[in-house]
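Subject: Structure handover and findings

Hello,

Here is the structure for you to take over.

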Amino acid sequence: MTLRIDISGLPSERLRFAASPLAELTAMLHVLAEPGHHPRLAGWAGDVWAGLRPELAERLREAEFLWRSSRADFLVPARPRPTLVEELDDVDRIDDETYVTSALVTTCGSNRVHFAAPSPLADATARERALDLAQARGPLQEAFAERLLADPAAVRARVRSTLEQCADAFFDAAWTSVAVQLATDLRLKNDLLKRQGTGAALASVSDVVTLAPDGDSIIVDQLQDNATAAHSTGLTFLPSVFGRPHLTVVHAAGWQPVVQYPVAEAGPAEAVSLETVTLRLGALAHPVRLRLLRTLARGPHTTGELAHAWELSPPEVSRHLAVLRHAGLLTARRRGRYVHYALDRSAMTTLGGDLLSAVLR
């Protein structure tokens, strides 16, 4: 499953790498709302919550669906500015219908890309649907949605004020702490883009972001089958420290495509593709293969040994071993006439984490 971004005919200068204060702030807000997604930042999140004024903490909770399950598209700018204030000024220029429609999308899903939803401000059915979804998120989110629909201007001003208060409370210090890391990453990406082209730049973004062989599309390995295009508007890549491990992609109808990607840590583990995770889960779904793995977990065995241990025919064992090897769960070593198979403990140990990473990105 992939998200495909059509870049056919896109001039190289329309593919840009830049830092966004607003996108990084809302990545931080996501960490505060979902610290379980970011175990390495749990300490930071705990310290921030402990230091927040009660009024600001309540404001963040009431508006958290703007950044919890998915982020409102206007919070991930396609045209980053040097300062948070400038980016908030750009958000203020968005019309109410666009703002409200984006704000009330409470989760990710395929409907974000296939069509532009009618505005809940103008369409009664869309309004009821938005309220139903907000209600399912809890009373604070329901109340926020009701206020937004009743008085968009007042709620928009309150959200901006909340984000500005976050700057004083924790964002300015955190932004300063990651500025050098972001700037270093941007220098690398822009140098690769200039000297080696789009493919090299994308390869440095993530192992799950690739240029299609024909060069006309960017393929993002995510749990969705969608497509969007960046023909006239261009495509923006935003590095993030606080967004790790998420790979956030704005691709809804009417919005310029934006990819916020996690800046690589020192010596990062290679991202395992969704295809590989799916192969491994499928390989483990068969009871015979699980029995074989039980034996292989205890040490290397030949096909004949496995067949004898489980009262199977050698060809049947060979078929199951081929599936497990194709999924990358086994190693094989020839010793004279015999091939000894063994469990790849590393692949099995990291499978749960690989699955979680594939789901979260």
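Glu-55 and Arg-53 form a salt bridge, with the closest N and O atoms 3.6 Å apart. A salt bridge here is a side-chain nitrogen of Lys or Arg within 4 Å of a carboxyl oxygen of Asp or Glu. Both partners are partly exposed: Glu-55 is at 45% relative accessibility, and Arg-53 has a relative accessible area of 42%. The cut-offs are under 20% relative accessible area for buried, over 50% for exposed, and partly exposed in between (1.4 Å probe, protein chains only).

Two notes on the basis. This is a predicted model, in which local features need pLDDT of at least 70, side-chain atom pairs count only at pLDDT 80 or more, and totals for chains, interfaces and linings use all residues. Residues are numbered from 1 along each chain as its sequence is written, and side-chain values use heavy atoms, with hydrogens and water left out.

Other salt bridges

The structure holds 14 salt bridges. One of them joins Glu-34 and Arg-68, at 2.9 Å from N to O. This pair links distant parts of the chain, 34 residues apart: Glu-34 is in the loop between H1 and H2, and Arg-68 is in the loop between H3 and H4. Helices (H or I, at least four residues) and strands (E, at least two) are DSSP runs, numbered from the N terminus. Glu-34 counts as partly exposed because its relative accessibility is 21%. Arg-68 is partly exposed too, at 28%.

Asp-90 and Arg-93 also pair, at 2.4 Å from N to O. Asp-90 is partly exposed at 22%, whereas Arg-93 is exposed at 62%. Asp-89, Asp-92, Arg-160 and Glu-164 are linked in a network of salt bridges.

A buried arginine

Arg-289 sits in helix H12 (residues 287-296). Arg-289 is buried but has no salt bridge. Its nearest side chain of opposite charge is Glu-316, 8.9 Å away. For charge, Lys and Arg count as positive and Asp and Glu as negative; His and the chain ends are not counted. A polar atom of the Arg-289 side chain lies 2.8 Å from the backbone oxygen of Ala-283. Beyond its neighbours within four places in sequence, Arg-289 is in contact (heavy atoms within 4.5 Å) with Gly-282, Ala-283, His-320, Val-323 and Leu-324.

Overall build

The protein chain has 15 helices and 10 strands. Its C-alpha trace spans about 75 × 50 × 40 Å along the principal axes. Of its 361 residues, 47% count as buried. Among contacts between residues at least 6 apart in sequence, 70% join residues at least 24 apart.

Helix H3 (residues 54-62) has the buried residues Leu-56, Ala-57, Arg-59, Leu-60 and Glu-62. They pack against helix H1 (21-33), helix H2 (42-51), helix H8 (139-150) and H9.

Ile-218 is in strand E4 (residues 217-221). Ile-218 counts as buried because its relative accessibility is 0%. Leu-3 is 215 residues from Ile-218 in sequence, yet their C-alpha atoms are 8.2 Å apart. Leaving out residues up to four places away in sequence, Ile-218 touches several others, including Leu-3, Ile-5, Leu-202, Leu-211 and Phe-237.

Cavities

There are 3 cavities of 30 Å³ or more. A cavity is a set of points, on a 1 Å grid over the protein atoms alone, where a 1.4 Å probe fits but cannot get out; lining residues have an atom within 4 Å of a point.

Which helix gives the most to the lining of the largest cavity? H9 does, with 4 residues. Helix H4 (84-92) and helix H9 (152-195) each supply at least two. Among the lining residues are Phe-74, Leu-88, Asp-92, Tyr-99, Arg-156 and Arg-160. Asp-92 and Arg-160 also belong to the salt-bridge network above.

Backbone points

The peptide bond from Arg-244 to Pro-245 is cis, with omega near 15 degrees. Pro-245 lies in the loop between strand E6 (235-240) and strand E7 (248-250). Glu-311 has a positive phi, near 55 degrees, in a residue other than glycine. Glu-311 is in the loop between helix H13 (303-310) and helix H14 (314-326), and is exposed at 74% relative accessible area.

Best wishes

Note on methods: A polar contact is a pair of N or O atoms within 3.5 Å; within protein, one must be able to donate a hydrogen and the other to accept it, and residues adjacent in sequence count only if both atoms are side-chain atoms. On a 1 Å grid over the protein atoms alone, a cavity is a set of points where a 1.4 Å probe fits but cannot get out, and a pocket is an open set with protein on both sides within 12 Å along at least five of seven lines; lining residues have an atom within 4 Å of a point. Grid points are joined across faces, edges and corners, and a volume is the space filled by probe spheres set on the points.
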